[in-house]
Amino acid sequence: MAVDAPAEIERAEETGEVRATLVEHLDELRTRVLRSVFVIGIGWIAGYLVEPYVYRALAAPLRVAAMTNPGGLEIVFRSFAAPFFLRFSLGLVISLILTAPFLVLQLWGFVKPGLRPNERKAMQIVGPVSVVLFFGGVALAWFILPAGFKWFLSFLSDFSDAKLFQDPKDYVSFVLKMFLAFGVGFQLPIILVTLAKLRIISDDMLWKYWRQALVVMAVAAMVLTPSGDAFSMLMLFFPLVFLYFGTVAVLRMIRRADRKRASAD
């Protein structure tokens, strides 16, 4: 005999079954958050120790670009406490990068029980692809940074008596923002494929409105890049265009494969 759903829920609430389930979820969330905070703290200590080496690597593109303007660049702190806070904050960023796999596993372990089998399968594909795209964007940003700094510093020669005093904190913040901008921008294929799977867009729609999409990507590149200059914007815009049309091609191949599978059945 079928049980009335509202009555069943009401009885479960009366017996405390729903409350127990909620408490279990909150307890699991608290446990995973505490684990994550502890691991981030350990990673922070490690990040603080290796920060000088990381900073040296981050500063390399600027120093390479400065070779074209010898004597025109000096790296200067503007506060006695600035070196400590730069090392402290950069250590946190290093910790988040080092502990990212553990943090993702904690998030996945909490979310996974509430997903359907097909949603779990999709996330197991989307997750690794998203990570690869993110670090692909970071790698591209790292590759173009020397050229970007060289372009900026080329204008220093227009002022013969001028010298650039660069704050390391501002420089590191700029580099990290560039990494984040390119990493986030490279998530475009994930966004488009997800919208296509939800039947909100299609490859035909993306192809039809490609001119409007170019405008949107240009605006996105301008907003994402921290300096907002034309060079940085274009360096992000062109890869986005490539990813856009590459995603359109992939969506068409998926649609053709689905049609062949449907006709075979």
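A salt bridge here is a side-chain nitrogen of Lys or Arg within 4 Å of a carboxyl oxygen of Asp or Glu. By that rule, the structure holds 10 salt bridges. Before you look at some of them, bear in mind that this is a predicted model, where local features need pLDDT of at least 70, side-chain atom pairs count only at pLDDT 80 or more, and totals for chains, interfaces and linings use all residues. Residues are numbered from 1 along each chain as its sequence is written, and side-chain values use heavy atoms, with hydrogens and water left out.

Let's begin with Arg30 and Asp27, whose closest N and O atoms are 2.7 Å apart in a salt bridge. Both sit in helix H2 (residues 17-66), and because they are three residues apart there, about one helical turn separates them. Helices (H or I, at least four residues) and strands (E, at least two) are DSSP runs, numbered from the N terminus. How exposed are the two partners? We call a residue buried under 20% relative accessible area, exposed over 50%, and partly exposed in between (1.4 Å probe, protein chains only). Arg30 is exposed, at 53%, while Asp27 is partly exposed, at 36%.

Now for a salt bridge between Arg78 and Asp167, with N and O 3.0 Å apart. This pair ties together distant parts of the chain, 89 residues apart: Arg78 is in the loop between strand S1 (73-75) and helix H3 (82-111), and Asp167 is in the loop between strand S2 (164-166) and helix H5 (168-185). The Arg78 end is exposed, with a relative accessible area of 66%, whereas Asp167 is buried at 9%.

Next, find Arg255 and Asp203, another salt bridge, with the closest N and O atoms 2.7 Å apart. It too links distant parts of the chain, since Arg255 belongs to helix H9 (residues 230-264) and Asp203 to helix H7 (residues 203-208), 52 residues apart. Arg255 counts as partly exposed at 27% relative accessibility, and Asp203 is buried at 4%.

Axes are lines fitted to C-alpha atoms, for helices over the stretch in contact, and angles run from 0 to 180 degrees between N-to-C directions. The axes of H8 and H9 come within 9 Å and cross at roughly 140 degrees. Angles under 35 degrees count as roughly parallel, over 145 as roughly antiparallel, 65 to 115 as roughly perpendicular and the rest as oblique, so H8 and H9 are oblique to each other. On the H8 side, the residues in contact (heavy atoms within 4.5 Å) include Trp210, Leu214 and Met217, and among those from H9 are Phe237, Tyr244 and Phe245. Sorted by class, the contact has 15 nonpolar, no polar and no charged residues. For that sorting, Ala, Val, Leu, Ile, Met, Phe, Trp, Tyr, Cys and Pro count as nonpolar, Asp, Glu, Lys and Arg as charged, and the others, Gly among them, as polar.

While you're on helix H8 (residues 210-224), pick out Ala220. With a relative accessible area of 29%, Ala220 is partly exposed.

What does H9 do with H5? These two pack at an angle of about 20 degrees, with their axes 10 Å apart, and are therefore roughly parallel to each other. Met178, Ala181, Phe182 and Gly185 in H5 meet Ser232, Met235, Leu236 and Leu240 in H9. The residues of this contact divide into six nonpolar, two polar and no charged. Zoom in on Ser232, which lies in H9 and is buried, at 3% relative accessible area. Leaving aside neighbours within four places in sequence, Ser232 touches Met178, Phe182, Thr225 and Ser227.

Finally, turn to helix H6 (residues 188-197), where Leu188, Pro189, Ile190, Leu192 and Ala196 are buried. Those buried residues of H6 pack against helix H4 (117-153), H5, H7, H8 and H9. After H6 comes Arg199, whose phi is positive, near 60 degrees.
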